[in-house]
Amino acid sequence: MKIRTIGMMIAILIASFASFSGWAADEGKIVVMNPRGVQPEIRKIPMAPRQPTLDGKTVYIVDTKYAMTKPFVTELHSALQAKYPKTTWVLREKFGMYMDDDPNLWKEVKEKAAGSIVLVGH
Amino acid sequence: MITRRFQELVTTIAYKKGIPNMRITFTPHPITDRPAELCRKYVAGNDPISGKPMLEQIYDSLTGKLSAEDAKSGYLKRDPRPRLLPPDTPDRLMQFFHEQNFTDGNPIILPTEKKVAEMLKATSRKPDEWVGQMRPSPPHEAWYYTVEMVAVNAVMAGVKPEYFPTILAMASKGVTSMISSTSSFGRMVVVNGPVVKEIGMNTGIGALGPFNQANSSIGRCWTLISKNLGGSGKPGETYLGSLGNPINYNNLCMPENEDNLPAGWTPLHVQKGFKKNDSVVSFFNGWSFSNIAWYSPLPIHEVIRGWLENFFSYGTRQATLVIDPIVAADIANNGYKSKEEFARYLADNTGTPGWLFWSQNRTALKQAESGVEPYASWLKRGKDVVVPVSRYKGGGRRAGSGSGFTSLGGNTATTIEIVVTGGGTNTFWAGGDFGYIGSASVDHWR
Amino acid sequence: MRNKMVVLFMVLFAFVFVGFLLPAGAQDNSPTNPAAIGVPVRSMVELGSVSSNIYDITVTTLEVVRGKEAMDRLKAASATNPAPAADSEYILARVKFEIKGRYVSDKMSIDIGKAPLQWIALGSDLTEFTKPSVTVPEPALVGRVDPGKSLEGWVAFVVDKKETKPIMVFDPDTGGATGRGKTLFFKLYQ
C-alpha cells in the first residue's frame, strides 16, 4: 500500500480524534468541562381528580404557621366560609415549623376532605 | 397559596416536585405582619398574578377539570448534561460562565481537561466516584456530583491540586454554602490538622483576609460547588436572600492556629471527636460576623461576655468566637483552662436583653403581668433590663427557633464554639451567630 | 496487505468514534439508560434528619422472572396471592441492596421495603404501574440495613402483558418534603 494512502488514513484518524475530543484549532477555541452537577429525575405526580362542586364537601385550609401570618389565614378562612357556605372549610395548623412534614395531617386530609389549601409564608 | 414575590420559586419547585401544573393562587407580598383589615382587603381582592378574584380562583383550582396530562404519572424531561462544553474562545467562555451563573462574579480559571486531570492526580479516588449530593435547602431537589465534577469547580476557584482532598471533604458533607432563605445565610469553614501546614494555609496575620491562596480559594470553591453542583445560588429560584451576604464569597474560610492554643485548649476537630493528627474540615451556619477591635479596662473575657449578652441577629441562640492567640492566652490566664470552660462561663453568665426576651416570649410576658414568678420579678425591674435567661444553653438548639429558654446557672451544654486563629498583633477578636453543623475527614479523600 | 490496512484503519476509526460516544461513568443511570440485570449501580443516600450524612449504596438486579414463572413462585409463597388482571402479569425481581458509611461515626441504617414508592415499575413510556399487594417469595426485599451490610430479596410488580421493556425504579425518598437520594433505574428485561 502506498505511503501516501497510509498517511492520509492516519491523518483522517487524527482529525476524527481531534474533532470528537474537541481539539478545535480554529480561531483559538478551546474546550472546557461542564461545571454542573447531575440533576435528578423528576417523578411526575398525577394530580388528584377534582370534584364538580364543593357543595357538601370538606376542604382543609392548612396553615404552615410562617411567622406572623395568622391574620391572613384567619381572614381567608372567614371569607371562604362566607362566600361558599355549603362547603365545610376546616382550618388546621400543620405540625412543627413551616418546613416540618406532617404525615398524620395529610392522611386525615385524604380520608376526610375533597381537597386542601396549603399556605402561605412571607 | 403563596405571595406573589415567589412566583418563579414556586412554579419551578412545583415542576421539580413533579406537579408542573399545580394550581397556585398568589397573594400580595408580604403577608407577614399585616393587620387583619389589610388581610381582609387582600382576600376580597384579586390574585395579583392572574388578576382573577382570589376566592373564586381558589374554588376553581379545587374543582376545575384536569387535563389528561395532569392525571398521568411518568418522568419529566431534564436537560442532558454534557461532560464537555462546546468549544469557544477563552474570552467568550469566560463570559458564558458568568452568564450561566457558574461563577461568583469574579473571573475563574477555565476548566480544561488538562487542568482537571492535574487536579485529579491529587486524590486516589476515581473520577467517576460519587462524592455527594447537595440541595439549596431541605425542600429543594438535590444535585449529585462525582470526583471529576468537584475537580472542575476546584480548577475554576483557583485551587491548587494539593488542596483538592480538602475540597473533596468539603463537598462530601453535602452542605450548601448558600441556603435559599430570604434571610441571607452565611457559612464558615474551619480547617484543622496536619493538612493546614501541608498546603500552606495562613494561620497568622490576616488569617481571615485575602492574603493566602489556600485560605481564599478553598473558601471560594465551596461557593462554586454550591452553585454548580448543589443547584444553589440562582436568584429568584434557589436563592431568595433579600440583601445577600458578602460572607458567601469566601465563607469565612480559616485554619485554626493550633500551635498557639493555650495549654489545655483543644483544637476544634479534637473537640468534635477527631484525633489531633486527623485532617478535618468543619462547617458552621449563621448570618453575621462582627470584628471587635476595642480596648477596654475590663478583662477581655468580660468584654466578650458583654458583647454576647447584647449581641442580636437572626441566630440569637448560638455563637462562634474567633479569637486571636493573644486573646486566648489572656482568657486562659484568667482561669479558663479549656474552651469548654470558657464557653460554659459565658453561657452561664450571659442574660438576655429585656426588649428581646419579652418580645420573643409572649407567654412569659402575660405570666409576668399576671404576677407569676419569676417573670413578675424580672418585669418589675424594667422591660429593658437584662433578664437572667441564657440564649446559649442546650447544645444544638436550632437558631431562630421560637419560644423556650434556659435559666442561667447549671452545668449544661452550650451553643458557643471557639476557634483560635490570627497573628497576635493585637488583643482583638471576632464573633458571630454561627453554630456548628458538622465535620468531614480530609484524609478520607487523599 | 492493502485490504488489511483498510480494515485496521476502519477498526481504529470505530474505536475512536465509539469511545467518544460512550457515556462516562456512574452518573448516566436514567430512565432512558437503565442498568442491565447483573450490573451494579453505585449511588448515594442522605440519612438523618437534624444532621444528615451521605452514605454510599450499590443496588443490583440479580434476577428477573415474569409471567407464569412469577405467578408460580407467588402461589408457592402464598396460596392467597391473587392472579393479576387478564391483560397483566407479574414480574418478580431479586435485588441486592448494599450500604456503606463513609466514616466510623456513620451508624444510621436505612429501611428498605416499607416506603410505598421505593420500588416501582414503569412502562417503557415511563408511566407507573400500580404496585401489587402480594406476599413475595422468601426472602422479601424488606428490612433495615446497617452500614457495611447488604440485603437481598424479592420484590413484585405487575405490568401490562404487552409491555416488553418495563423498568424498575428505586427511589430512596420516604415521601417527606426533603428528598433522600437519586432515583435509580433498572431493566426488568434481558
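Guide: Leaving aside neighbours within four places in sequence, Asn285(B) is in contact with Phe185(B), Arg187(B), Phe434(B), Gly435(B) and Ile437(B), where contact means that the C-beta atoms of two residues, placed from the backbone, lie within 7 Å. This is a predicted model, in which local features need pLDDT of at least 70, side-chain atom pairs count only at pLDDT 80 or more, and totals for chains, interfaces and linings use all residues. Residues are numbered from 1 along each chain as its sequence is written, while chains are lettered from A and ligands numbered from 1 in the order in which they are written.

Visitor: Why is Asn285(B) called buried?

Guide: A residue is buried if 20 or more other C-beta atoms lie within 10 Å of its own, exposed if 12 or fewer, and partly exposed in between; Asn285(B) has 21 such neighbours, and therefore counts as buried. Asn285(B) belongs to strand β8 (residues 280-286) of chain B, a strand being a DSSP run of E with at least two residues.

Visitor: What makes β1(A) and strand β3 of chain B antiparallel partners?

Guide: Two strands pair if DSSP finds at least two bridges between them, and three bridges join β1(A) to β3 (residues 74-76) of chain B, the two running antiparallel. In one of these bridges, Arg43(A) has Tyr75(B) as its partner.

Visitor: How many residues of chain A are in contact with chain B?

Guide: On the side of chain A, 49 residues are in contact with 69 residues of chain B.

Definitions and conventions. Helix = DSSP H or I, 4+ residues; strand = E, 2+ residues; numbered from the N terminus.
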